[in-house]
Amino acid sequence: MKKRLLVILLALAATLCLAFALSACAPAPNDNAGDNGAQNENTEEIKSTAGLEYKPNDGNETYTCTGLGTATSTDIIIASKVNGKPVTAIGDGAFENCTTLTSVTIPDSVTSVGYDAFLGCVKLIQTQDGADYVDKWVVDCGGGVTAVTLKDDTRGIADLAFLGCRSLTEITIPDGVVSVGNSAFMNCTSLTSVNFGNGGKLKTIGKNAFDSCLDLTSITIPDGVTSICDGAFKDCLNLTEITIPDGITSIGCQTFCHCENLDNITIPASVTSIGKLAFELCSGLMGVYITDLTAWCNIEFDLSNPLEYAGELYLNGEPVNEITADMLRGVTVIKDYAFYCCIGLESVTIPDSVTSIGYSAFADCDNLSSVTFENK
């Protein structure tokens, strides 16, 4: 109950739109096709429990398991497919207070487990080294834990699993983890060390996953991650260093908002979008480092260019004071805000390949004194 109240207060303060829809364990209409199995790595397909509730997600291409439905078994197996579509999530509160459950098998198709999905399932939870597990998913933590090493076969970390665990100082996440859930470590104010495995299976760091981890000073995001979701490192006030690997394609809204001690950021050439206010109030930024100017020109910035605070852009370690036609050769579009507030920039030559220059692409470049358009 304390955790739920804390979630509501934090959500209101951050004006986040989190969906806290709780599903009951009572019988309800069932969307299960009835003949689907659960498939885990290195195992044969096993028949899923009849009667469990599922609902299609947006686009109707995947399903979420939402509750016990008409199922009466105490040992349940969640389907890996419903109507030929993969089951990718277990919903918020899906099995809350299903006190008779003794085991749950979660298929490898599942990449997200909602908050309080197994709250009150007293016979189901298995605890090891301060982490509470259902099957291979961490769903909660014990009080007073400091350093936690998750089991080697851990598959994922549920939404809000370690929320507000103020005693936690170190977490070791093994190679096989595919998901760090929304707000999984939010408000873990003593957390100083996050050790990711390098198995390449982790693809997404959830919304507000490390929000308000006040003692976190550095973090290395592992290879394989493609998306850092909204607010993932928001209000990490003492974060000074973060390593973002090649392969990241999107940085969400407010991802690094109010990381006031972050002094530089390297944006890989793989990044194609940076969400609104991603670097808002990063007042300590002094440099933005890139390796590909063409890729930089093609990023979709949504009021989110870190140059607004850093001012200085570095290409392959060298400050960008001059942009020549050759440096932009082949570029057709310079997107909105591409060089916004790049105060180190003094001259630009636009090659004839460029057909469009976006809104505020060179706005507030205070030292820009020469702009030349190459003859066609």
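Colleague: Could we begin with strand β17? Which residues are on its covered face, and which on its uncovered one?

Modeller: In this predicted model, strand β17 spans residues 193-196. Val 194 and Phe 196 make up the covered face, while Ser 193 and Asn 195 make up the uncovered one.

Colleague: How many bridges join β15 to β17?

Modeller: There are 4 bridges between β15, residues 170-173, and β17, and the two strands run parallel.

Colleague: And what stands opposite Phe 196?

Modeller: That residue is Ile 173.

Colleague: Turning to aromatics, how many aromatic pairs are there?

Modeller: The count comes to 12 aromatic pairs. In one of them, the ring centres of Phe 162 and Phe 185 are 4.9 Å apart and the planes meet at 10°, so this pair is stacked.

Colleague: Where do Phe 162 and Phe 185 lie?

Modeller: Phe 162 is in the loop between β14 (156-157) and β15, and Phe 185 is in the loop between β16 (179-180) and β17. The pair therefore ties together parts that are 23 residues apart in sequence.

Colleague: Are these two buried or exposed?

Modeller: Phe 162 and Phe 185 are both buried. Another pair is Phe 233 with Phe 256, whose ring centres are 5.8 Å apart with planes at 5°, so that pair is stacked too.

Colleague: Which loops hold Phe 233 and Phe 256?

Modeller: Phe 233 belongs to the loop between β20 (227-228) and β21 (241-243), whereas Phe 256 belongs to the loop between β22 (250-251) and β23 (264-266). This pair therefore ties together parts 23 residues apart in sequence. Both Phe 233 and Phe 256 are buried.

Colleague: Which residues form the aromatic cluster?

Modeller: One aromatic cluster is formed by Phe 162, Phe 185, Phe 196, Phe 210, Phe 233, Phe 256 and Phe 279. Phe 196 is the residue on the covered face of β17.

Colleague: What lies over the face of Tyr 133?

Modeller: Lys 151 does, at 4.3 Å from the ring centre.

Colleague: On to cysteines. How many disulfides does the structure hold?

Modeller: The structure holds 0 disulfides. Cys 141 is in none, and the nearest cysteine sulfur, in Cys 165, is 3.7 Å away. Cys 141 is buried, with a relative accessible area of 15%.

Terms used: Residues are numbered from 1 along each chain as its sequence is written. This is a predicted model: local features need pLDDT of at least 70, side-chain atom pairs count only at pLDDT 80 or more; totals for chains, interfaces and linings use all residues. Side-chain values use heavy atoms; hydrogens and water are left out. Buried means under 20% relative accessible area, exposed over 50%, partly exposed in between (1.4 Å probe, protein chains only). Two strands pair if DSSP finds at least two bridges between them. Rings of Phe, Tyr and Trp (its six-membered ring) pair if their centres lie within 6.5 Å; planes under 30 degrees apart count as stacked, over 60 as edge-to-face and the rest as tilted. A charge sits over a ring if NZ of Lys or CZ of Arg is within 6 Å of the ring centre and within 35 degrees of the ring normal. A disulfide is a pair of cysteine sulfur atoms within 2.5 Å.
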